[in-house]
Amino acid sequence: MLNRLRETGKLGECLILLLLCIFCLAASVFRYCYANSFQFLFLNWNLLLAAIPWLLTTFLALNEEWQKSRLGLLIIFLIWCLFFPNAPYILTDLIHLRLDSEMPLWFNLVYILAFSWTGLLFGFLSLMDIERFVKIYFRPFTVFFFSTFLLFLASFGIYLGRFLEMNSWDLFYEPLIVLRTLTKYFVHPMNHLDTWGLTLFMGGFLNLVYWSLKVLIEK
């Protein structure tokens, strides 16, 4: 496994993400012990959901048999699409930042930012993996628009999760309700300007951050 991680260039990536996760977990334990409060512990669950897209693409990177199977790639990709919005979603947890009597504001700020950045990295690195697999079948120019679209799609998912409290697995448990909910946003877009406003602005922001990061990585 270790050799395979080295071969695929995933070893350094794993170590960085592991250190970030340890920092987040340690901060959670410290906050709980210091303040004797369960507040913000939900961020650990959100981070676990954010890691799923990266775990899926890492599984693909380590298993060449799945990479050669179009059906396998399609299955992984569809599951990835369901969970991908959970990665940038953690950015919106900054909405919970406020003064409280339990911990200093600066600690809560660093605490939430640590989870947000880690979740964002999980998402961005998994998207870079998706690009590598997609490039096998499509030209780079097509892949660029594909990734851009996925980030806007994730932004729409962020709205559904933050403001409608929908989860990735709702599509399996309540598919008809989910489809009816989604339909009204596309049939009557002018009645849902907040939805499309967040989708466009968050999508634009995620694209700027993602492509900036890619430029720096590939420099």
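Are glutamate 131 and lysine 214 buried or exposed? I opened my notebook with that one, and the reply is friendly to both residues: glutamate 131 is buried, and lysine 214 is buried as well. A reminder to myself before going on: this is a predicted model.

**Entry 1**

I looked at what the two side chains do, and they meet in a salt bridge, 2.5 Å from N to O. The pair links distant parts of the chain, with glutamate 131 in helix H7 and lysine 214 in helix H11 (residues 193-217), 83 residues apart.

**Entry 1: the other salt bridges**

How many salt bridges does the count come to? I get three.

I next looked up aspartate 93 and arginine 162, whose side chains meet in a salt bridge at 2.7 Å, N to O. This pair also links distant parts of the chain: aspartate 93 sits in the loop between helix H6 (86-89) and H7, while arginine 162 belongs to helix H8 (residues 140-163), and they are 69 residues apart. I checked their cover too, and both aspartate 93 and arginine 162 are buried.

Then I turned to arginine 132, which forms a salt bridge with aspartate 129, with 2.2 Å between the closest N and O atoms. These two are separated by about one helical turn, because they are three residues apart in helix H7.

**Entry 2: H3 beside H7**

I stayed with H7 and looked up how helix H3 (residues 42-62) passes helix H7 (residues 105-134). Their axes come within 9 Å and cross at roughly 20 degrees. That angle makes H3 roughly parallel to H7, because the cut-off for roughly parallel is under 35 degrees. I noted the hand as well: H3 passes H7 in a left-handed crossing.

Which residues form a nonpolar patch on the surface? I found Leu71, Leu74, Ile75, Leu78 and Ile79, with about 440 Å² of accessible area together. Leucine 71 lies in helix H5, and its 58% relative accessibility means that it counts as exposed.

I looked at arginine 70 too, which is found in helix H5 (residues 70-83). Arginine 70 has 63% relative accessibility, so it counts as exposed.

How values were computed
Residues numbered from 1 in each chain as written. Predicted model: local features only at pLDDT ≥ 70, side-chain atom pairs only at ≥ 80, totals over all residues. Heavy atoms only, no water. Helix = DSSP H or I, 4+ residues; strand = E, 2+ residues; numbered from the N terminus. Buried < 20%, exposed > 50% of the residue type's maximum accessible area, 1.4 Å probe, protein only. Patch = residues over 30% accessible without salt bridge, like charges linked within 9 Å, V, L, I, M, F, W, Y side chains within 5 Å. Areas by Shrake-Rupley, 256 points an atom, 1.4 Å probe, with all protein chains shown as cover. Salt bridge = Lys/Arg side-chain N within 4 Å of Asp/Glu carboxyl O. Axes fitted to C-alpha atoms, helices over the stretch in contact; angles between N-to-C directions. Parallel < 35°, antiparallel > 145°, perpendicular 65-115°, else oblique. Left-handed = near helix turned anticlockwise from the far one by under 90°.
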